[in-house]
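Here are my notes after going through this one.

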Amino acid sequence: MSSVQPPLITASTPTASARSCGTCTMCCKVYRIDDLAKLAGKWCPHCAIAQGCKIYDDRPQQCRAFDCVWIQDEAMAPDWKPEISKIVFSVYPATRFIYGQVDPGSPFAWQKEPYLSGLKAWSERLLQERRHLLIFVGSNATLIMPTGPVPIGPMSPADGFVIRETFTAKGKDYVATRVASGR
Ligand code: SF4
Ligand code: SF4
């Protein structure tokens with residue numbers, strides 16, 4: 001299984017929330033789950049799509065530890081629920097950056113409204129905390145800045161990146177370049 005396939009990003013202590021998944025099962029599709037040898041972008045064989053996990057009581061630890069931002073952040077609007085937006089957000093533990101993993105069946109979902117405007121506004125708030133927002137379609141990463149998307153290209157969530165400011169006829173822009181994690 002390729003290491004650049006997006007893994008399920010887990011938290012050591014998933015937090016409690018009043019929200020529930022309901023008919024959403026999007027995280028059971030978009031991520032690679034090593035415990036199940038499940039490929040990213042393919043439905044888990046244990047998933048009853050739009051219903052839930054068929055082995056819920058025996059699901060792997062990776063699944064138990066997944067911390068979905070939409071579930072945790074009750075300020076996120078209903079249309080950002082992953083089954084509607086087609087983007088699953090998680091917090092990368094090492095950096096607290098937000099990573100959005102897009103359903104490969106709807107690879108342009110993040111470029112539509114209200115999502116693109118919402119992502120730019122969200123990135124502006126995160127920057128005040130020295131955090132970043134990245135969108136992944138498969139392993140292809142795009143950094144979201146308040147000015148708009150900045151392509152990075154194939155990268156693993158464990159990789160870093162450097163951001164360089166540029167100045168164009170349209171004003172300030174950015175270039176982002178992957179820095180391999182060495183793992
Ligand atoms: S993506 Fe979030 S809301 Fe959807 S099933 Fe997974 S945990 Fe629940
Ligand atoms: S084991 Fe269950 S919770 Fe884990 S990916 Fe499969 S269907 Fe989802």
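1. A quick word on classes before the ligand shells: Ala, Val, Leu, Ile, Met, Phe, Trp, Tyr, Cys and Pro count as nonpolar, Asp, Glu, Lys and Arg as charged, and the others, Gly among them, as polar. With that sorting, the shell around ligand 2 has eight nonpolar residues, one polar and one charged. Its members are Cys28, Ile33, Cys44, His46, Cys47, Cys53, Ile55, Arg59, Pro60 and Cys63.

2. Keep in mind that this is a predicted model. The protein chain has an average pLDDT of 90, and 90% of the residues reach at least 70. Element by element, helix H4 (residues 82-85) has the highest mean at 98, while strand E9 (residues 171-179) has the lowest at 91.

3. Around ligand 1 you'll find Cys21, Cys24, Thr25, Met26, Cys27, Cys68, Trp70, Ile71, Pro82 and Val88. This shell splits into nine nonpolar, one polar and no charged. Domain 1 (21-66) and domain 2 (67-179) each put in at least three residues.

4. Now the largest nonpolar core, with 35 residues: Cys27, Val88, Leu134, Phe136, Leu143 and Ile144 touch the most other members. Elements that supply at least two residues each include helix H1 (27-30), strand E3 (87-91) and helix H5 (115-127). Strand E5 gives the largest share, five residues. Both domain 1 (21-66) and domain 2 (67-179) contribute residues, so the core lies between them.

5. Neighbours within four places in sequence aside, Cys27 contacts Phe66, Cys68, Pro82 and Val88.

Methods. Residues are numbered from 1 along each chain as its sequence is written. Chains are lettered from A and ligands numbered from 1 in the order in which they are written. This is a predicted model: local features need pLDDT of at least 70, side-chain atom pairs count only at pLDDT 80 or more; totals for chains, interfaces and linings use all residues. A residue is near a molecule or strand if its C-beta atom, placed from the backbone, lies within 6 Å of it. A nonpolar core is a set of buried Ala, Val, Leu, Ile, Met, Phe, Trp, Tyr and Cys residues joined through C-beta atoms within 7 Å. A residue is buried if 20 or more other C-beta atoms lie within 10 Å of its own, exposed if 12 or fewer, and partly exposed in between; C-beta atoms are placed from the backbone. Helices (H or I, at least four residues) and strands (E, at least two) are DSSP runs, numbered from the N terminus. Domain bounds come from an automatic or database domain assignment. Two residues are in contact if their C-beta atoms, placed from the backbone, lie within 7 Å. pLDDT is the predictor's confidence in each residue, from 0 to 100.
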